[in-house]
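Trainee: I'd like to learn how to read helices and sheets in a model like this one. Could you take me through a case?

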Amino acid sequence: MINEAIDNEQLEILLNDVLENHGYDFLEYSHASIKRRISRLYALDNFVSFAEFRYTIKSDKQYFKRFLEEITVNVTEMFRDPSFYRALRNEVLPVLGTYPFIRIWVAGCSTGEEAYSLAIVLKELNLLHKSLIYATDINPLVLEKAKKGMFPLNYLKQYSENYLQSDGSKDFSTYYTANYSLAKFDESLSGKMIFSTHNLVSDHSFNEFQLILCRNVLIYFDKDLQHKVFNLFDSSIEKLGYLALGSKESLDFWPRAKEYRRIKTEKIWRKL
Amino acid sequence: MAETITSAKCNALIIGGSAGSLDVLLEIFPGLNADLNFPIILVTHRKSGNESLLSDLLQSRTTLRVAEVEEKERILAGKVYIAPADYHLLIEEDKTFSLDYSEKINYSRPSIDVTFQSAAEVFKSGLVCILLSGSNADGVEGLKAVNNFGGKVVIQNPDTALMPYMPLQAVTNIEDSVVLDATEMADFINKLID
């Protein structure tokens with residue numbers, strides 16, 4: 001259906017309901033994107049009226065889990081943007097390698113593809129044994145998938161190409177075993193990961209890190225919320241630590257951006 | 001040159017294209033007037049990497065400023081915006097851009113449908129959308145939304161399009177539209193200037 005399934009007023013009502021009844025605050029998410037996700041869910045689940053949709057989201061705890069999973073975007077890839085991983089491998093991680101212990105936060109990790117990519121690079125640099133990757137997401141369902149480290153086998157060709165382009169030099173298939181339609185990644189990788197729910201909108205800083213990766217998460221937030229999240233990251237990054245964002249995201253308009261220096265052409269900043 | 005969008009007969013022009021649309025863009029751009037009082041937004045299917053190639057090509061053919069969209073950027077009249085590869089491009093109520101990395105639509109990201117639909121809701125009757133050559137059906141659903149919200153629909157003549165499938169789908173499914181050859185488009189766009 002092409003007419004607006006959910007209009008702006010209804011969107012406002014739903015997001016307020018969700019905050020009041022479930023404690024999740026989506027009010028500062030980019031409206032166009034979340035409206036599209038919610039309209040899509042409304043059509044997908046064949047609701048006949050806004051009232052029914054609203055009532056189900058408000059009162060059906062089981063349905064709310066689905067709502068949460070469907071309106072947040074969980075599309076991700078291993079070694080997405082190979083040049084980014086090349087910069088991590090050649091410039092950022094070797095610097096962190098001089099520390100006795102490396103703490104990394106993957107914020108908004110979704111189903112874990114980036115955390116596993118990172119663990120592979122750390123392993124190849126012989127740094128994984130002294131690293132800990134905190135992988136967090138707002139959505140408990142995707143974290144369950146991330147813990148398992150199993151990704152659809154039909155994506156692995158693309159991932160393997162990305163890996164090679166990112167200066168990976170091993171045989172990528174040594175990192176997983178094929179199991180029917182899934183590739184199960186080596187447990188030595190997930191053994192260095194801690195998975196936990198964390199809501200960037202409402203939860204506080206929980207540790208200090210030398211590297212925070214938060215890629216293609218902030219595009220879903222409005223400017224004010226982005227700035228709040230940058231403050232949260234700032235209070236969670238050690239001096240001389242790094243912040244890595246998605247290829248179209250930027251620290252530039254954040255009032256304290258001057259306290260960070262960008263690494264060449266990648267969306268990686270170092271705290272001064 | 002860039003000014004805040006005012007209410008004119010055209011508040012935004014969006015051009016969507018796929019295979020075979022580059023030639024049309026190269027035909028259109030040298031003919032555009034420098035005093036456009038609305039933004040032009042391009043959504044074309046292309047591979048990621050070589051980010052600046054399309055904007056460089058078009059920039060060399062116009063005095064209008066051409067640039068890839070920055071996330072949350074304000075949409076200004078007189079500028080040409082290109083949807084970045086591998087993201088959907090959405091328009092916010094406050095006339096800024098949002099990017100979205102959700103599932104592909106019609107095997108495409110950016111999807112022309114997504115941008116047309118989102119812009120239709122924001123610009124309503126002030127929107128003009130042009131759908132060019134291509135070999136999948138992306139754009140047609142979005143054009144329906146543009147029609148429903150009172151915007152204007154222009155479709156490249158399938159008879160002269162390099163890949164007629166996409167414009168043909170549109171001509172077949174959209175009731176209220178203008179069909180133009182590539183050579184007529186620059187003139188049409190210039191006449192939208194208020």
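Mentor: Gladly! Let's begin with a term we will need: contact means heavy atoms within 4.5 Å, and angles run from 0 to 180 degrees between N-to-C directions. Keep in mind that this is a predicted model. In it, helix α4 (residues 140-148) of chain B lies across β7 and β8 (152-156) of chain B, and its direction is at about 145° to β8(B).

Trainee: Which strands form the sheet in chain B, and in what order?

Mentor: To read a sheet, follow the pairing from strand to strand. Here seven strands make an open sheet with parallel pairing, in the order β3-β4-β2-β1-β7-β8-β9 (chain B). At the edges are β3 (65-68) and β9 (178-180) of chain B, each of which pairs on one side only. From one strand to the next, the twist averages 20°.

Trainee: And how many bridges join β1 and β7 of chain B?

Mentor: Five bridges, in the parallel sense, link strand β1 (residues 12-17) and strand β7 (residues 127-131) of chain B. Within that pair, L13(B) stands opposite V128(B) of β7(B). Helix α3(B) packs on the sheet, where it touches β1, β2 (40-44) and β7 of chain B; its direction makes about 165° with that of β7(B).

Trainee: How should I read α3(B) itself: what is its length, and what span is expected?

Mentor: Compare the end-to-end distance with the expected one. Helix α3 (residues 112-123) of chain B has 12 residues and reaches 16 Å from first C-alpha to last, close to the 16 Å expected at 1.5 Å a residue.

Trainee: Is α3(B) mostly covered or uncovered?

Mentor: Mostly covered: 11 of its 12 residues are buried. Among them are D113(B), F116(B), E121(B) and F123(B).

Trainee: Now a single residue. Why is Q156(B) called buried?

Mentor: Buried means under 20% relative accessible area. Q156(B) is called buried because its relative accessible area is 2%. This residue lies in strand β8 of chain B.

Trainee: Which backbone nitrogen lies 2.8 Å from a polar atom of the Q156(B) side chain?

Mentor: That of S133(B). Leaving aside neighbours within four places in sequence, Q156(B) is in contact with residues including V24(B), L131(B), S133(B), P167(B), V179(B) and M185(B).

Methods
Residues numbered from 1 in each chain as written. Chains lettered and ligands numbered in written order. Predicted model: local features only at pLDDT ≥ 70, side-chain atom pairs only at ≥ 80, totals over all residues. Heavy atoms only, no water. Helix = DSSP H or I, 4+ residues; strand = E, 2+ residues; numbered from the N terminus. Expected span 1.5 Å × (residues − 1). Buried < 20%, exposed > 50% of the residue type's maximum accessible area, 1.4 Å probe, protein only. Pairing = 2+ DSSP bridges. Polar contact = N/O pair within 3.5 Å; in protein donor to acceptor, adjacent residues only side chain to side chain.
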